[in-house]
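Okay, thanks for coming, everyone. Let me put the structure up on the screen and then walk you through it piece by piece.

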Amino acid sequence: MSPGSSAVALDRAAVRLDGRDVWRDATLQVGQGEFVAVLGPNGAGKSTLLKALLGLVPLSAGKAEVFGRPVRRGNPEIGYLPQRRRFDPDLRIRAADLVRLGLDGASWGVPTPSVAKRSRVADMIALVGASAYAQRAIGELSGGEQQRILIAQALVGGARMLLLDEPLDSLDLNNQQAISELIRGVCRAEGVTVLLVAHDVNPILPFIDRVVYVAGGHVLCGHPEEVIRTDTLTRLYGAPVEVLRTTDGRLVVVGLYEPVSHHADGH
Ligand SMILES: Nc1ncnc2c1ncn2[C@@H]1O[C@H](COP(=O)(O)OP(=O)(O)OP(=O)(O)O)[C@@H](O)[C@H]1O
Ligand SMILES: [Mg+2]
């Protein structure tokens, strides 16, 4: 595949669930090796977008391609971290073994020798800064520690694309930035394309190449400064919103009305 071709290409794509369009007419392209934040209010269809790229949710119109081919289920090129993972506190599996599952699950064809596997697992654990607790049971770890282990698991299989659904949601601000920086490093070093769903763009703003904004039944893709603007987001939401920039450079999206959702839990 030529280096310039897209990692993700949507062409007038729509998803319909329960007789209702979640979003429609989505046209966008993400380049290989880009780090993309997926933003938008609860229930807008961010998780649905990732699931559409995984072939877990069918399109009702249009086309979706990953690395130049139509989306398909079980694509080994994609590593996926679903939203809101919880481990039973009594779960005895060691964190390092959980990371290793990401490797075994993705090893098609020639099996990787065990020594090489162990060192790759250890490398990924070191990369996410989890070496100190990797030998402990996953259920005992804090939410943020579990999150790092899950990110290592998503990385270890050597996927060309990572779809991470709110991987930062139980991390404190410093750790959100540290993990974002780490993910950008993986994008740069290994050419991995990353779509990361986030609720607050600010901690990740210095690291991302582009944003995909999902709101009001529409999907918009562009550079953060093109997309996260009062006029652009007001059009996208179909309702007045205002983007404010604080004196320390943070972007704040102020909605005059809460987005209407007919599913109270929104997931
Ligand atoms: N299997 C399903 N059947 C019917 N409706 C669904 C299904 N899955 C999701 N939805 C609805 O589709 C919409 C988009 O859901 P989605 O989970 O993609 O939102 P989201 O942007 O990820 O929200 P959040 O920020 O809360 O995670 C919601 O209204 C949700 O209730
Ligand atoms: Mg979601």
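This is a predicted model: local features need pLDDT of at least 70, side-chain atom pairs count only at pLDDT 80 or more; totals for chains, interfaces and linings use all residues.

So, let's start with a pair of helices, α3 and α4, which cross in a right-handed way. Residues are numbered from 1 along each chain as its sequence is written, and chains are lettered from A and ligands numbered from 1 in the order in which they are written.

Back to the helices. α3 covers residues 114-127 and α4 covers residues 143-156, and they pack at an angle of about 135° with axes 9 Å apart. Axes here are lines fitted to C-alpha atoms, for helices over the stretch in contact, and angles run from 0 to 180 degrees between N-to-C directions. The two helices are therefore oblique to each other; under 35 degrees would be roughly parallel, over 145 roughly antiparallel, 65 to 115 roughly perpendicular, and the rest is oblique. The element names come from DSSP runs, with helices being H or I of at least four residues and strands E of at least two, numbered from the N terminus.

Who makes the contact? On α3 we have Arg-120, Val-121, Met-124, Ile-125 and Leu-127, and on α4 there's Ala-152, Leu-155 and Val-156. Contact means that the C-beta atoms, placed from the backbone, lie within 7 Å. Seven of these residues are nonpolar, none is polar and one is charged.

Now the sheets. One is open, has four strands in the order β2-β1-β4-β5, and is paired antiparallel. Strands count as paired if DSSP finds at least two bridges between them. At the edges sit β2 (20-31) and β5 (69-70), each with a single partner strand, so one side of each has no neighbour in the sheet. Eight bridges hold β1 and β2 together in the antiparallel sense, with Val-15 opposite Trp-23 in β2. Their hairpin has two residues between the strands, and in it Asp-18 has a positive phi near 60°. β1 (residues 6-17) is also joined to β4 (residues 61-66), antiparallel, by five bridges. Ala-9 is partnered with Glu-65 there, and Asp-11 with Lys-63.

The other open sheet has six strands, β6-β7-β8-β3-β9-β10, with mixed pairing. Its edge strands, pairing on one side only, are β6 (78-81) and β10 (218-222). On average, neighbouring strands are turned by 15° against each other, direction ignored. Inside it, β3 (residues 35-39) pairs with β8 (residues 193-197) in the parallel sense over four bridges, and Ala-37 faces Leu-196 in β8.

Glu-242 has Val-254 as its bridge partner, and Leu-244 has Val-252. This hairpin has five residues between the strands, and Gly-249 has a positive phi near 90°.

Last, the domains. The chain is assigned domain 1 (1-77 + 160-267) and domain 2 (85-159), with bounds from an automatic or database domain assignment. Their centres, taken over C-alpha atoms, are 26 Å apart. Domain 1 gives 15 residues to the contact and domain 2 gives eleven. On the domain 1 side, β7 (161-165) and α5 (173-190) are the elements giving two or more residues, and α5 has the largest share, with four. That side divides into ten nonpolar, two polar and three charged residues.

Definitions and conventions:
A crossing is left-handed if the near helix is turned anticlockwise from the far one by less than a right angle, and right-handed if clockwise. Two residues are in contact if their C-beta atoms, placed from the backbone, lie within 7 Å. Ala, Val, Leu, Ile, Met, Phe, Trp, Tyr, Cys and Pro count as nonpolar, Asp, Glu, Lys and Arg as charged, and the others, Gly among them, as polar.
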